[in-house]
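Dear colleague,

Please find below the structure that I am handing over to you. I would be grateful if you would read the notes that follow alongside it.

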Amino acid sequence: MPLFPWSDRYLLGIASIDEQHVRLVEVLNNLHDAMRARQGAAALEAQLEALLRYTIDHFAHEERLFRQHGYPDGPAHTREHEQLRQKVLAFRKQLKANELALPVEVMSFLRDWLSNHILVSDAAYVEFLKSRGAR
């Protein structure tokens, strides 16, 4: 069973962002699967790195849309992005130093953060961006 089962309730109606959210959930579930299969530190590190890279790309896309369309709450939303980036970088550092085995608490944090971020933080910009032509 995936850590984060995808549901259409996470669709925001902006295709580029929805596609990226689907992929983010997929990458998070891949990391969880690797952890559950006890694939070892190298495999977990590779999956965490994939999650970090894709998250950074996704955040950059959202932040471009904020600038392009003049989203007034863009700076606050960008700070949320930066906080998660820093948290995942810390997880990666701990994993590389053998101080972290990606326990259930870390996976639950990532799942809950992503779910809340989509349903609350991202949902807050949808109408604004759509009204300005974001697709």
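The notes below cover salt bridges, aromatic pairs and charges over rings.

The model is predicted: local features need pLDDT of at least 70, side-chain atom pairs count only at pLDDT 80 or more, and totals for chains, interfaces and linings use all residues. Residues are numbered from 1 along each chain as its sequence is written, and side-chain values use heavy atoms, with hydrogens and water left out.

Salt bridges

A salt bridge is taken as a side-chain nitrogen of Lys or Arg within 4 Å of a carboxyl oxygen of Asp or Glu. Five salt bridges are counted under this rule. One of them joins Arg23 to Glu26, with the closest N and O atoms 2.5 Å apart. These two residues are three apart in helix α1 (residues 15–36), which puts about one helical turn between them; helices are DSSP runs of H or I with at least four residues, numbered from the N terminus. Arg23 is partly exposed at 32% relative accessible area, and Glu26 is partly exposed at 40% (buried means under 20%, exposed over 50%, partly exposed in between, with a 1.4 Å probe and protein chains only).

Arg92 forms a salt bridge with Glu49, the closest N and O atoms being 2.8 Å apart. This pair links distant parts of the chain, since Arg92 belongs to helix α3 (residues 74–96) and Glu49 to helix α2 (residues 41–69), 43 residues apart.

In the salt bridge between Arg85 and Glu82, the closest N and O atoms are 2.9 Å apart. Arg85 is buried, at 15% relative accessibility, whereas Glu82 is partly exposed, at 33%. Through shared partners, salt bridges join Glu63, Glu82 and Arg85 into one network.

Aromatic pairs

Rings of Phe, Tyr and Trp (its six-membered ring) pair if their centres lie within 6.5 Å; planes under 30 degrees apart count as stacked, over 60 as edge-to-face and the rest as tilted. The whole structure holds eight aromatic pairs. Among them is the tilted pair of Trp6 and Tyr10, 5.5 Å centre to centre with 45° between the planes. Tyr71 and Phe128 also form a tilted pair, at 5.4 Å and 55°. Because Tyr71 lies in the loop between α2 and α3 and Phe128 in helix α4 (residues 104–131), this pair ties together parts 57 residues apart in sequence. Both residues, Tyr71 and Phe128, are buried. One aromatic cluster is formed by Phe66, Tyr71, Tyr125 and Phe128.

Charges over rings

A charge sits over a ring if NZ of Lys or CZ of Arg is within 6 Å of the ring centre and within 35 degrees of the ring normal. Arg23 lies over the face of Tyr54, at 5.9 Å from the ring centre, and Lys87 over that of Phe109, at 5.1 Å.

Yours sincerely
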